[in-house]
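Hi everyone, thanks for coming. Have a look at the structure on the screen, and then I'll walk you through a few helices.

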Number of protein chains: 2
Amino acid sequence: MSEVKVSVVPQEVSGQAAQESRNGRPLRIALFGFGTVASSVARILVEQKPQGLELTHVYSRSLARRRVDWVPSSVTWTDDADAVLASDVDVVVELAGGLDPAGGWVRRALGAGKSVVTANKKLIAYQGVELERLAGAKGGHLKYGAAVAGGIPVIPGLEQGLAGDRIERIEGILNGTCNFILSKMEEGAEYATVLAAAQAKGFAEADPTEDVGGFDARAKLAILMRLAMRVEVDPEEIVPRPITTVSAVDFSYARDLGCTIRQVARGEWTLGQVAATVGPMLVDLHSPLAFSRGTENMVIFTGHYGGDVVFSGHGAGGHPTAVAVVSDLLALAHGSRRVEIPSAPARVSGEFEVPHYIRFLVKDRPGIVAAITAALAEEKINIRAIVQKPGYPHDALPFVVTVEPCKSSTLQRALATMRTMDCFLVEPLDLQMLE
Amino acid sequence: MSEVKVSVVPQEVSGQAAQESRNGRPLRIALFGFGTVASSVARILVEQKPQGLELTHVYSRSLARRRVDWVPSSVTWTDDADAVLASDVDVVVELAGGLDPAGGWVRRALGAGKSVVTANKKLIAYQGVELERLAGAKGGHLKYGAAVAGGIPVIPGLEQGLAGDRIERIEGILNGTCNFILSKMEEGAEYATVLAAAQAKGFAEADPTEDVGGFDARAKLAILMRLAMRVEVDPEEIVPRPITTVSAVDFSYARDLGCTIRQVARGEWTLGQVAATVGPMLVDLHSPLAFSRGTENMVIFTGHYGGDVVFSGHGAGGHPTAVAVVSDLLALAHGSRRVEIPSAPARVSGEFEVPHYIRFLVKDRPGIVAAITAALAEEKINIRAIVQKPGYPHDALPFVVTVEPCKSSTLQRALATMRTMDCFLVEPLDLQMLE
């Protein structure tokens with residue numbers, strides 16, 4: 001083909017990574033971190049030898065402990081991050097996690113026109129917009145398919161396959177630890193027992209707050225909201241509710257209502273604004289969310305045109321997450337580009353209009369139900385059902401009230417009124433009911 | 001930026017479509033056909049005005065009947081396909097279906113360096129490899145995310161998000177009509193009644209052979225096998241089995257075995273070769289496939305590294321399928337490219353090693369079970385269960401034998417022996433049992 005002149009470098013082939021891949025030379029890849037996921041990435045690269053990808057560097061702070069002998073001898077192992085960033089690698093695969101120092105490495109790599117593939121949900125949730133701008137300006141690419149739902153191609157499926165829709169709602173089971181705990185509690189286990197089992201199996205941290213408190217899931221939800229609903233939200237504005245307040249009695253009552261309980265991350269255009277929340281919710285036993293068990297993840301997108309689309313699979317684990325990382329690397333090597341639909345900053349409301357489940361634990365005496373129902377009536381909240389199962393002691397009596405759809409803020413006002421009562425042994429527990 | 005010289009036109013920016021989109025002018029889009037899906041595509045383009053896409057032409061053979069007033073007056077309506085193909089449109093969206101004349105239009109558009117977006121599973125299953133080569137040679141792009149599972153982003157999710165895995169098995173509910181019929185039969189309806197209802201609702205054809213005979217699903221399976229398992233197979237080599245042989249009694253027996261029945265399209269690396277088949281199969285009531293109801297589609301990919309990934313949603317219908325088409329158009333406009341993992345031609349075997357369900361309908365007399373079990377024993381097939389429910393007449397008695405995993409060919413030999421018996425009122429029905 002004859003020589004042609006182009007007056008600008010088209011954005012899609014600018015940048016060090018893209019320019020070099022088009023010369024037919026494989027993308028030179030540096031792994032930052034060598035824990036479970038990074039080791040699985042190396043494993044796939046070594047075993048499958050995907051065309052166009054070459055592992056050249058592994059950076060780890062604890063080299064001596066991490067080094068493995070099944071990686072080709074051509075790979076440079078180092079504990080000097082600066083040296084790798086200054087080298088001729090095309091893609092930095094950041095798998096160290098957290099904002100610091102990972103964020104600094106990512107920023108420096110992108111600033112140098114390199115591309116970055118990361119599984120770092122926190123970094124992307126908090127700084128993704130800025131980092132994507134930096135990548136765009138310097139000609140590199142930022143990919144993070146592994147940051148949400150691990151091995152399930154939610155982000156590529158969404159970006160490349162649902163861009164033509166207008167997504168109105170996201171409901172996700174985005175934290176495998178919580179799903180493991182709650183689906184085991186559904187089978188009758190107690191929270192503390194299951195948490196200990198999860199910790200022993202290595203899929204719950206010694207301090208489980210990030211998971212059970214909903215912080216991990218809200219970071220992932222914020223990422224999905226930007227890509228699906230095109231709103232840039234501050235994850236801190238999404239108020240998470242912990243799963244620790246849910247007890248065996250709630251599963252028992254939920255079952256009677258034809259439901260079970262899952263930690264759901266939920267974002268929605270509702271009441272004219274963007275609402276989002278993360279926490280334990282009642283889900284119908286016939287819904288896909290109830291079907292999700294163990295450490296599985298699941299995401300349901302509801303599109304204006306396409307209706308519900310469900311993705312599920314292994315949300316975490318070394319190998320599944322590594323598949324997402326290697327897929328991102330292949331997409332880079334093959335010149336696949338993001339479908340960048342513009343997004344805009346938005347505030348997050350916590351206001352949903354849904355039915356609620358409220359569980360009370362009281363020292364029984366006459367007049368409690370009257371007072372509770374009066375507090376609901378005062379806020380014009382309609383009661384759907386009052387359920388009190390036999391067999392509980394009077395001095396620690398659990399019972400449940402479910403209410404017709406009402407605004408979260410309205411319910412909170414009614415609960416504030418109830419809190420002035422002296423009969424509650426623990427705070428009343430209110431959970432959204434998904435329909 | 002200063003002028004740069006490049007000595008070749010990089011493939012990713014060659015071709016009319018890509019060159020023109022990079023000039024910032026929207027992609028000019030021609031719809032070929034204006035049925036349900038095309039009309040929904042136009043609807044989304046008109047309502048959502050996605051950046052970078054401009055509907056300029058609608059070709060239809062029955063213009064007078066199809067023309068609508070909500071499409072902008074700038075759009076050219078024509079019944080002259082040649083004129084549209086000779087025009088300056090960048091992308092031909094082929095939604096007429098079938099091999100002819102659609103294949104000719106697609107070939108001419110690609111030959112002229114235009115890009116093509118299509119929902120035509122038959123064309124892609126039979127000629128996709130050749131058409132992609134043509135697109136590559138002429139600098140255009142061929143996209144067909146809508147060809148399999150309509151609104152569910154199975155193809156983009158697979159190409160962009162699972163490329164890093166080695167997919168070993170595909171199990172799909174790929175035909176909404178069959179799923180509607182079988183999930184209604186599960187609830188107690190008879191085949192003929194449900195088929196009539198499906199025809200009345202417009203999601204079964206007057207001649208339903210393409211759907212119920214498994215031909216539609218096998219075309220989709222062939223496409224998925226190429227993208228997921230990287231094998232180019234001739235769809236004709238996949239032997240489909242019709243769902244018409246399944247009757248109410250099979251659902252009753254299936255239920256007793258903890259199963260239900262679905263039309264499953266199945267491709268797998270097994271016994272050292274590529275095996276594929278489409279037909280009614282027993283699926284465990286706890287499996288995702290059993291969970292799929294109505295016209296829903298579902299695909300499960302089993303990866304060597306990532307395990308099972310499940311996609312589900314609306315596999316057909318104007319709006320969901322249109323979302324896939326518009327998403328493909330957006331991907332083109334944004335410079336997203338296929339992750340082209342090499343595939344190679346392969347022969348298809350029908351040989352699976354799985355447990356089977358065999359239902360007999362006999363005019364009862366002594367010795368039938370003895371003869372049947374002897375035929376199985378002769379082929380060294382182990383019986384798992386023999387079930388004969390009470391309440392059926394002796395002159396038309398259905399009963400079921402399930403067998404431990406054995407090769408399909410071995411079972412067929414045993415069935416051939418049994419067919420010499422004169423007691424069967426209909427051919428014994430053998431179904432694979434998915435585990």
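**Helices side by side**

Let's start in chain A: the axes of helix H5 (residues 102-111) and helix H6 (residues 121-138) come within 9 Å and cross at roughly 15 degrees. Axes here are lines fitted to C-alpha atoms, for helices over the stretch in contact, and angles run from 0 to 180 degrees between N-to-C directions. That makes H5(A) roughly parallel to H6(A), the word for angles under 35 degrees, while over 145 is roughly antiparallel, 65 to 115 roughly perpendicular and the rest oblique.

Before going on, a word on the model: this one is predicted, local features need pLDDT of at least 70, side-chain atom pairs count only at pLDDT 80 or more, and totals for chains, interfaces and linings use all residues. Residues are numbered from 1 along each chain as its sequence is written, with chains lettered from A and ligands numbered from 1 in the order in which they are written.

Now to chain B, where helix H6 (residues 121-138) and helix H11 (residues 215-229) pack at about 50 degrees, their axes 8 Å apart. That makes H6(B) oblique to H11(B).

Last stop: which residues of helix H12 (residues 248-256) of chain B are buried? They are Asp250(B), Tyr253(B) and Ala254(B); buried means 20 or more other C-beta atoms, placed from the backbone, within 10 Å of a residue's own. Down the axis of H12(B), the buried residues fall within an arc of 105 degrees, so they line one face of the helix. After H12(B) comes Gly258(B), with a positive phi near 75 degrees.

Note on methods
Buried ≥ 20, exposed ≤ 12 C-beta atoms within 10 Å, placed from the backbone. Helix = DSSP H or I, 4+ residues; strand = E, 2+ residues; numbered from the N terminus. Arc of directions from axis to C-beta.
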